[in-house]
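Me: I am new to reading protein structures. Could you walk me through one, feature by feature?

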Amino acid sequence: MNLRMGAFGRQEAASAVLLAMFFGGCFAFDSRALFENGNASWIVEIVACLQALLLFEATVWALRVRGGNDLSALIGDSKLKKALAAPLILALLLAAMQPLEGFLIPITQFVFAGSKQVTACLYLLSCLFLLTVLGAETIVRTARILLPVLLVSILAALLSGIGEYRLDRIFPIPIGEPKMLLTETGSAQLRAAPPLLALLCIGEGTQDRMAMRSAGRIGAIAGGLLSAAALFALSMTFPYTQLREMPAPFYRMLVEVRAENPTLRLDRAVLFLWLMGAILSSGYYIYAACVLFAKTFGVRDARPVALCLSALAVSLILVLHYDTETTLAVLKLLYRNASLLIGIPFPLILLKRRRRKPKCAV
Amino acid sequence: MNCWRRSPKETESEGTPPFFARRKARKAHIRREEGKIPKDLGKNRTWLETLFRAAVNTDLILRPLRVGGRVDALAVSMNGMADDKQIADFILRPAFRIEIEGVPAGRIPAYFRAHALAMHETELTDERQTVASAILEGRTAILFDGAGEAILCDTRGFVSRPVEKPENEMTILGPKEAFTENIRTNVTLLRRILKRPDFVCEFRDAGGTNGTKLVLAYLDGTVNPSLLDEVKRRLDAISTDMRLTVGRVEQLIEDYTYLPLPQMLKTERPDRAASAVLDGRIALLVEGCPIAGVLPITVGTLLKSGEDLDMRQPVGTIVQTIRMLGAILSTYLPAYFLALALHHPGQLSSEILETVIASRAMVFLPLWMEMIFLLLVFQLVREAGLRVPGSIGHAIGIIGGLLLGQAAVSANIVSTVVLIIVALTGLGNFVIPDYSAQVATAYYRILLCIAATLAGLLGITVTGLCATAIMCSVKSFGVPFFAPYAPVTKHREHLFFRTRIGNRGGPSDRSNPQRRRA
């Protein structure tokens, strides 16, 4: 099978998970509910990360018990389990859309005001094609190379805005609304679980199960903390009433910082630097989805699948931007019920099939 | 046991019918016999005269002689390639004096070699092809009547360039010797640095009909054996009539033909090649080429200079940091400026923007065209400076840089701001130590400028990410191009900071050697 998987180490895989966790966590598709009665974004992010980590640990444990290095080993030949892989592929695809969609708004509305989404999407698509065709090894290595630069830029952006932060803006914290928190944590699974799910899909490329587990843990904890810190910084910059209506809040935060420092006009440079991370995260998800698809349904070459899924993800983003009512409604429904998309298939896949006892000869 | 004597059952078991197997074996035997030196000296002379076109090719010297006054012989050499004095003193003179009475005709070559030849490097052969190759290399072949063997004596004495200073890889603190066109001299230069019994210089035919020799230099027991086997396998596959150099051999054995970046380090400095060998890499020397190829390489190899380790640590760190910043600046500055000026002018402060507008007031070319035009002119000046001899080359650089730039500004073809950016870019480009990497960066820079013109920072982002991803997928003979950063290896090599020199007990694990330090 030509899966273009390659081989990669713990640090590379952890870098990919970290970037995916950060860029997935910071760009929620439908964030209005997070700021309905206060700012719940950073709390939800931490809880969702912990949930995702638990799910990941359970899967790695199942892999250790039953033998195997990736999720396809758990799916095996069972037709039911193969069918259950479909929602996971869909979850990965939706997760791939999230960061790209999050960046498309500032690009088309603020940076290139009045430009068409199609044009921007074509640039992103060319990059996605290349990344997904080159395979897992390239994606995780690129993530490892870009990680220091991205980390420095993220931390610099967060630290340079310290003068603008006000602690009173984080209130009210909607701790007293467990129902809302539960629903939002479920939705946040589409941001927190896919980086680890993708790692489980490409686990064959890691040195062994232990390296995969270690990479997942490091990446998820570091990425989760970083995205929670970024969301916390955001909530200290803008009050929740503004965030509810604000498109591209992170870009607005960078612009606010720039306004305070007129000599340091790097907001767009930083935005596009982060865009690299977002494209990389999307490529990581799409490639993982394509590997899961190829292994589950016996496709021998991953490249056509990668091209199709990349095109599909970008097309869906475009559909979302052109505001087709039905598609928007369907996508919102999927995002709302993300917990079901990941939460139902996963335990079923982890379940061990009972072997029938051979009938005794009479 | 000969092949045609095998039992039919044995042959059938291999899947070949016995009849065809016998025919094939007979033909092979005939071919082998044709390749042997005949005992008749006349036949040998005719063969050599025909082979080397002696009627028109006057370079071939066929010197008949009578060994010990009894046996006819023929000393064959190539004029200009062999040293006449050595032939006269160490072959002809003893040949006339030797006593060979009672020695059977078939044993004369061995007897002559043992008792008459006062030469260090001699060889007995019965292969015609070996004799022909040896003559072409400058050795002298002695053929005897009645003996199916020839003696090959090393009389190579052609004129070659002495060891000189390196022209392209200047250093202040490092050694000042460079490779020459003579492969033997180059091996000696390496051996003078690597005085170790495990240092192997493996001579091989480069392939093709030219008979060019090449040398694989490595530390046995240190170099990765699978890498060595793979390199040998690829070298064996070379079959070309082209004149071979290190650059051509690289292109014949590399993996990624369309990648602008080199996959082999080309150096003219023996100390740099020796350092690479000590680090578990392989140095490749090709006859007639004053450059050594080092493989495998990583991006760090291309950005490091030979004398980085000769400097003190803080100074080395500063130099390395400046070099890295220069390389990054030279790659991204023109494209970034174009992107800001064309698509994101809000990112430039009003003072800079005013300066740009004022400097471009009378310029008729669009900004992007002006930038790409100047970048191409810079390449033009640089190429012209390289191709013309020494002092004129320097003059062209000065004329191109000062006069042409000044004239272009006066004629309103280019603006001063763009000229300054291109000049900074050019300076930054020169800090990249490797010439191939410099050229590759220059063309990548133009690609980035086109992307920046089309889509501003979005174009730079997409092109930059694609280029990084491609470089991350590239391997130089199995070693990832971005090692030791991705994949991360145990022995780190900092691009910005120079690490302390400690007592190192073996090579680093960057090139995945067999023996590495703990």
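Reply: Happy to; we will go from whole chains to a sheet and then to pairs of helices. Keep in mind that this is a predicted model.

Me: Let's begin with the chains. How many helices and strands does chain A have, and how many does chain B have?

Reply: Chain A has 15 helices and 0 strands. Chain B has 17 helices and 12 strands.

Me: How many residues of chain B are in contact with chain A?

Reply: On the chain B side there are 19 residues, and they are in contact with 27 residues of chain A. Sorted by class, the chain B side has 13 nonpolar and 6 polar residues, and no charged ones.

Me: Now a sheet, please. How do strands pair?

Reply: Strands of a sheet pair through backbone hydrogen bonds, in either a parallel or an antiparallel way. Chain B gives us an open sheet of 5 strands, in the order β1-β2-β4-β5-β3, and the pairing is antiparallel.

Me: Which strands stand at the edges?

Reply: Those are β1 (60–67) and β3 (122–125) of chain B; each has a single partner strand, so one side of each has no neighbour in the sheet. On average, neighbouring strands here are turned by 20 degrees against each other, ignoring direction.

Me: Over how many bridges do β1(B) and β2(B) pair?

Reply: β1(B) and β2(B), which covers residues 71–78, pair in the antiparallel sense over 8 bridges. To see it on the structure, find Leu62(B), which stands opposite Val76(B) in β2(B).

Me: Which helices pack on this sheet?

Reply: One of them is α3 (residues 41–51) of chain B, which touches β1, β2 and β4 of chain B and whose direction makes about 15 degrees with that of β2(B). Another is α4 (residues 84–97) of chain B, which touches β1, β2, β4 and β5 of chain B; its direction makes about 170 degrees with that of β2(B).

Me: Helices can also cross each other. At what angle do α4(A) and α5(A) cross?

Reply: Look at the angle between their axes. For α4 (residues 79–111) and α5 (residues 117–134) of chain A, the axes come within 10 Å and cross at roughly 130 degrees. That angle makes α4(A) oblique to α5(A), and the crossing is right-handed. Leu100(A), Leu104(A), Ile107(A) and Thr108(A) of α4(A) make the contact with Gln117(A), Ala120(A) and Leu124(A) of α5(A). By class, these are 5 nonpolar, 2 polar and no charged residues.

Me: How are α14(B) and α17(B) arranged?

Reply: The axes of α14 (residues 367–387) and α17 (residues 435–473) of chain B come within 10 Å and cross at roughly 175 degrees. Angles over 145 count as roughly antiparallel, so α14(B) is roughly antiparallel to α17(B). Residues in the contact include Trp368(B) and Met371(B) of α14(B), and Ala442(B) and Arg445(B) of α17(B). The contact has 7 nonpolar, 2 polar and 1 charged residues.

Terms used: Residues are numbered from 1 along each chain as its sequence is written. Chains are lettered from A and ligands numbered from 1 in the order in which they are written. This is a predicted model: local features need pLDDT of at least 70, side-chain atom pairs count only at pLDDT 80 or more; totals for chains, interfaces and linings use all residues. Two strands pair if DSSP finds at least two bridges between them. Helices (H or I, at least four residues) and strands (E, at least two) are DSSP runs, numbered from the N terminus. Axes are lines fitted to C-alpha atoms, for helices over the stretch in contact, and angles run from 0 to 180 degrees between N-to-C directions. Two residues are in contact if their C-beta atoms, placed from the backbone, lie within 7 Å. Angles under 35 degrees count as roughly parallel, over 145 as roughly antiparallel, 65 to 115 as roughly perpendicular and the rest as oblique. A crossing is left-handed if the near helix is turned anticlockwise from the far one by less than a right angle, and right-handed if clockwise. Ala, Val, Leu, Ile, Met, Phe, Trp, Tyr, Cys and Pro count as nonpolar, Asp, Glu, Lys and Arg as charged, and the others, Gly among them, as polar.
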